[in-house]
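The sequence and the structure are shown first.

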Amino acid sequence: MLFIQNGHILDPYTGMDHLSNILIGDDGTIVDIGLRLTAPEGCRVLDAAGKTVSPGFVDGHVHFRDPGQTEKETLETGAAAAAAGGYTTVICMANTLPTCDNVDTLRDITARTARITDVHVLQAGAVTHGLRGEALTDFDALLEAGAPCLTDDGINLTGAGLCERAMERAAACGALLSFHEEDPTLVGSPGVNFGSPAAQKYGVPGARASAEDAMIGRDIALALRTGARVCFQHVSSAVSVRLIRAGKALGARIYAEVTPHHLSLTQDDVLTYGTLARMNPPLRTEADRQALIAGLLDGTLDMIATDHAPHTAAEKARDFAHAPSGIIGLETAFSVCNSYLVKTGCVPRMCLIERMSCAPARIYGLERKAVAVGNRAELVLLDWDAPVRYTTYRSKSANSPFTDMPLFGAVHGTVMGDRIVR
């Protein structure tokens, strides 16, 4: 048994927000919760004094590069990075090599993730074969094999007719579709905001915000017609936030992610960090960032997702036009969000925890995650005030603009069942 004492429970599922103790049984389920509880004789004790105890974080959008690019990340190193960041469940995207567009590939990955005990690692299936945007995959078979969602992440589903058919099929079988929204005809070059000082510095045109806005507007209309459940990935523009807000008001079954880096950095930071701040969609203006924060607060943007995207140092050392987009984010996510959102007074603590745990779990149909008697313990221990600097990572890659940046907020481990993971 495990006894967690003196922790401040902050749980968006139940609204619990007070000091308490938690007793966890040998089978990993929560036996009792209460301030007056005492540890049974012989029970292991974890002193959480000065720490917050919350539901473990859930990330609906990560890349572990396995199979196919294990020089960047593996299932094991990705899981280690997730646990270090306070995550107890993550969902890997389908752009593996080979693409996770069939049951055999999906089952191979899930068989290997089943051996990982520190984090639940789920594997998404692809919407189209080979991510080519031509023929739809077998949605029913992928869902039956365990895919929590279907996505061609990183590649826009450009054809409206194909996108509509995908939504019709998804609505019929209950699949959640997760879309990267960028019209390629409006992306002069990826990774940096169109016309920004950084685009001028690096001699590239950049990507217009309208590339995202146009696709989100179209797909809200299609979602309204088909009744499909659709998640818009890593939203970056103020107009997109307004479109999503309007789409929800109209009754569309839509959801939206926002990343820690889009909530904290702007196009001006690309001048400082170069390729370490090159990402799709790109960092945009301060006005866009403020709109994202407002959307997170009012629930227009449902959840925070890292889009954890490992790349080798050699790849990121290329010139800006040819370097890959994306940064790692699992280990720094809480510290970045706490420093830029909570410590600045923009977002309450409970709201941040909800957007990093409860909301994604609900959207992806993950049940019994609350800090409640009878549920399996999947918890994170947090210190909101601890100063931190990230100089090394559990991830196999280190491509992050947040390296050595002074931040606040430390993850002091997770609890999975009756095990403490540090």
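This is a predicted model: local features need pLDDT of at least 70, side-chain atom pairs count only at pLDDT 80 or more; totals for chains, interfaces and linings use all residues.

Strand β12 (residues 254–258) pairs with β13 in the parallel sense over two bridges, and Glu257 stands opposite Met303 in β13. The pairing of β12 with β11 is also in the parallel sense and comprises three bridges. Here Val230 stands opposite Ile254 in β12.

β12 is mostly covered, with five of its five residues buried. Ile254, Ala256 and Val258 point one way from the strand, whereas Tyr255 and Glu257 point the other way.

## The three-stranded sheet

A further open sheet has three strands in the order β6-β7-β8, and its pairing is parallel. Its edge strands, β6 (57–62) and β8 (120–123), each pair on one side only. From one strand to the next, the twist averages 15 degrees.

Four bridges join β6 and strand β7 (residues 87–92) in the parallel sense. Asp59 has Val90 in β7 as its bridge partner. Helix α13 (residues 349–363) lies across β6 and β7, and runs at about 75 degrees to β6.

## Helix α1 and its cover

Helix α1 (residues 75–84) contains the buried residues Leu75, Gly78, Ala79, Ala81, Ala82 and Ala83. The elements that cover these residues include β7 and β8, together with α2 (103–113), β15 (407–416) and β16 (419–421). After α1 comes Gly86, which has a positive phi near 95 degrees.

## Packing of α7 against α10

Two packed helices are described by the angle between their axes and the distance between the axes. For helix α7 (residues 238–250) and helix α10 (residues 286–298), the angle is about 25 degrees and the axes are 8 Å apart. Angles under 35 degrees count as roughly parallel, and α7 and α10 are therefore roughly parallel to each other.

On the α7 side, the contact involves Ala238, Val241 and Arg245. These meet Ala287, Asp288, Ala291, Leu292, Ala294, Gly295 and Asp298 in α10. By class, the residues of this contact of α7 with α10 divide into six nonpolar, one polar and three charged. An α-helix has 3.6 residues a turn, so residues three or four places apart point the same way.

## Cysteines

How many disulfides does the structure hold? There are zero. A disulfide requires two cysteine sulfur atoms within 2.5 Å. The closest cysteine sulfur to that of Cys100 belongs to Cys92 and is 9.6 Å away, which is too far for a bond. Cys173 is likewise in no disulfide, the nearest cysteine sulfur being that of Cys149, 12 Å away.

Are Cys100 and Cys173 buried or partly exposed? Cys100 counts as buried because its relative accessibility is 0%. Cys173 has a relative accessible area of 23% and is partly exposed.

Technical notes:
Residues are numbered from 1 along each chain as its sequence is written. Side-chain values use heavy atoms; hydrogens and water are left out. Buried means under 20% relative accessible area, exposed over 50%, partly exposed in between (1.4 Å probe, protein chains only). Axes are lines fitted to C-alpha atoms, for helices over the stretch in contact, and angles run from 0 to 180 degrees between N-to-C directions. Angles under 35 degrees count as roughly parallel, over 145 as roughly antiparallel, 65 to 115 as roughly perpendicular and the rest as oblique. Contact means heavy atoms within 4.5 Å. Ala, Val, Leu, Ile, Met, Phe, Trp, Tyr, Cys and Pro count as nonpolar, Asp, Glu, Lys and Arg as charged, and the others, Gly among them, as polar. Two strands pair if DSSP finds at least two bridges between them.
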